[in-house]
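User: Can you walk me through this one? I'm new to reading structures, so let's take it piece by piece.

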Amino acid sequence: MRSAIKQVASGRFGVTTHYLVNADMIQIKMAQGAKPGEGGQLPGHKVDAVIAKVRHSTPGVGLISPPPHHDIYSIEDLAQLIYDLKNTNPAADISVKLVSEVGVGTVAAGVAKARADHVTISGYEGGTGASPLTSIKHAGSPWEMGLSETHQTLVANHLRGRIAVQVDGGIRTGRDVVIGALLGADEIGLATAPLIAAGCIMMRKCHLNTCPVGIATQDPVLRKRFTGQPEHVINYLFFVAEEVRELMAELGYRSFNEMVGQMQMLDKTEVIAQAKAQGLDFSRLFHKPEAPEGVAIYHCETQDHPIHDILDRRLIEQAMPALENRTPVRIEETINNTDRSAGAMLSGVVAKRYGHNGLPEDTIAITLRGTGGQSFGAFAAHGVSLELIGNGNDYVGKGLSGGRIVVRPDPDCPAIPEDSIIVGNTVLYGAVEGECYFHGVAGERFAVRNSGAVAVVEGAGDHCCEYMTGGVVVVLGQSGRNFAAGMSGGIAYALDEDGSFPTRCNLSMVELEPVAEEDDLLEKLHHHGGDIEHKGLIDVMADMSRHDAERLHQLITNHARFTGSTRAAHILENWAEYLPKFRKVMPVEYRRALAELERQQEDAPAMARAGE
């Protein structure tokens, strides 16, 4: 569905290429004002079929959003994500949501330099109903403090005109809106008050699925109680706007922009004179920075995004027969590490024209030689196949949305592939669909928050399969510590040649078991359509609890075919010897949910007959 604003949070649930191209603004949610520094968790009982479909997960299995974005550990990483999103949807503004806290001005200055179009400062009084009470009562800061610091820092560094500043977090009246503008906000965000206008009574039990007015619930009986209408919200906002107009007239301002950053118009004597305020110094909060002549104090400039002359522009031009007529094309190009987010803009065009289902497989087949920059193959869409002969940096396959990525070393490279790094850290972060084959070793956090992609790699660093909720990962070599931490879905197969894998695996949410050999392979292949490669392979993945050996064999066969891996070929030649050495990593809740879904499918015909 199209929305004016789409959010990209740390869990990346449902963030596909199609999701991103259908928006006017994409907001990177760094944190929430009501629970700064914390992740989120959606209990399994609230993940019904609709939620699971939207979030590309499994009904009945809880979803964990990590506290940090695993592709943002520095301001440069944030700049890279902004660049990724701008490539995927060049028409959208990119926003970054920050929390009001001491030092937020410095972060906001970094956001402006990272070429974001918009920054939001969120206060602690927002109405995030499912936040822990300890966070709501004891964490976060008032929006006024963060906003004032942000505005002053941006003006002092001559950055204010480049970026729109929004503030939210408990803003309810026209007076609040005017105060926000005087402290430096171009835009004001209201959420809790419009929600109350629509019928919310703030029971603060959104997480329990028992909202009595039918807003924060998936219970169909309770949802019938919802009586809100769009006109209720519209009416409320008209009253707010009218109050703002009246206050602006009293202050003598004709436009909202004239009012932004005019702190001297705030009357603070009454508050400071109160006994409770004795000893407090508010001078920094209300300080009006002196802007040199020609330096803007409100948003009036356009960010310069360096996306005009990039590799993807050439790829799109060469792929026009496929984009316009679905005619298959083969493209060969060189790439170097300054070519970042390769494939993202092309995939955005595919998703814009053909939706999430995209084009038939290999319609746009691209072979690149060299070193891929950050985010190679990010958000690659259905029908886009990327083969990189060389190596990749961090974030390969981020948000993969149905495409195929193959990374293999140059044949002239003297390094031994299965002992050498081929791709960097945080590969396949938030991947939704697609296939990946890496002829070499990956860095840390391989397949973190993978939602459904199929991946084969010949070794991985620490935290492999962290927070994974779907898909299949095969590791044909050593893996680091903390494997499967927070893994609530999907399946992993890890080769355990020395028997040490259980000591490196985080067993808090998963169980280890051997890969069972099955005798009725031909029958099952026939049941699934005969050919389990590619799209048939995805059909096979839908039945995660069966035919492990043939699935594993097929994936390793695909890996050998796409990459020419000698490691994969050796394992296949000695299959009887290697199969017992594989460990299957199976999340406990995932197994339970799959069994429940299977039982429901078996009961469905009987229920239908009973209904007749």
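This is a predicted model: local features need pLDDT of at least 70, side-chain atom pairs count only at pLDDT 80 or more; totals for chains, interfaces and linings use all residues.

User: Is helix H7 (residues 174-182) largely enclosed or left open by the rest of the structure?
Analyst: Count its buried residues, where buried means under 20% relative accessible area. They include Gly174, Asp176 and Val177 at one end and Ala181 and Leu182 at the other. Eight of the nine residues are buried, so H7 is largely enclosed.

User: Is phenylalanine 256 buried, partly exposed or exposed?
Analyst: This residue is found in helix H11, and its contacts include Val177 and Ala181. Buried would need a value under 20%, and exposed one over 50%. With a relative accessibility of 23%, phenylalanine 256 counts as partly exposed.

User: How many Å apart in space are phenylalanine 256 and valine 178, C-alpha to C-alpha?
Analyst: Along the sequence, 78 residues separate them. In space, C-alpha to C-alpha, phenylalanine 256 and valine 178 are apart by 8.9 Å.

**Rings and charges**

User: Are the rings of phenylalanine 483 and phenylalanine 501 stacked or edge-to-face?
Analyst: The structure holds five aromatic pairs. In this pair the ring centres are 5.0 Å apart and the planes stand at 75°, and planes over 60 degrees apart count as edge-to-face, so that is what the pair is. Phenylalanine 483 sits in the loop between strands S15 and S16, and phenylalanine 501 in helix H16, 18 residues apart. Phenylalanine 483 is buried at 0% relative accessible area, phenylalanine 501 is buried at 0% too, and their arrangement is edge-to-face.

User: Which ring does arginine 449 lie over?
Analyst: A charge over a ring turns up with lysine 6, whose charged end sits 4.4 Å from the ring centre of tyrosine 19. For arginine 449, the distance to the ring centre is 3.9 Å, and the ring belongs to phenylalanine 13.

User: Are helices H3 and H15 roughly parallel or oblique to each other?
Analyst: Their axes come within 7 Å and cross at roughly 40°. Asp84, Asn87 and Thr88 in H3 meet Ala344, Met345 and Gly348 in H15. Those contact residues divide into two nonpolar, three polar and one charged. Roughly parallel would need an angle under 35 degrees, so H3 and H15 are oblique.

How values were computed
Residues are numbered from 1 along each chain as its sequence is written. Side-chain values use heavy atoms; hydrogens and water are left out. Rings of Phe, Tyr and Trp (its six-membered ring) pair if their centres lie within 6.5 Å; planes under 30 degrees apart count as stacked, over 60 as edge-to-face and the rest as tilted. Helices (H or I, at least four residues) and strands (E, at least two) are DSSP runs, numbered from the N terminus. Buried means under 20% relative accessible area, exposed over 50%, partly exposed in between (1.4 Å probe, protein chains only). A charge sits over a ring if NZ of Lys or CZ of Arg is within 6 Å of the ring centre and within 35 degrees of the ring normal. Axes are lines fitted to C-alpha atoms, for helices over the stretch in contact, and angles run from 0 to 180 degrees between N-to-C directions. Angles under 35 degrees count as roughly parallel, over 145 as roughly antiparallel, 65 to 115 as roughly perpendicular and the rest as oblique. Contact means heavy atoms within 4.5 Å. Ala, Val, Leu, Ile, Met, Phe, Trp, Tyr, Cys and Pro count as nonpolar, Asp, Glu, Lys and Arg as charged, and the others, Gly among them, as polar. Lists of a residue's contacts leave out its neighbours within four places in sequence.
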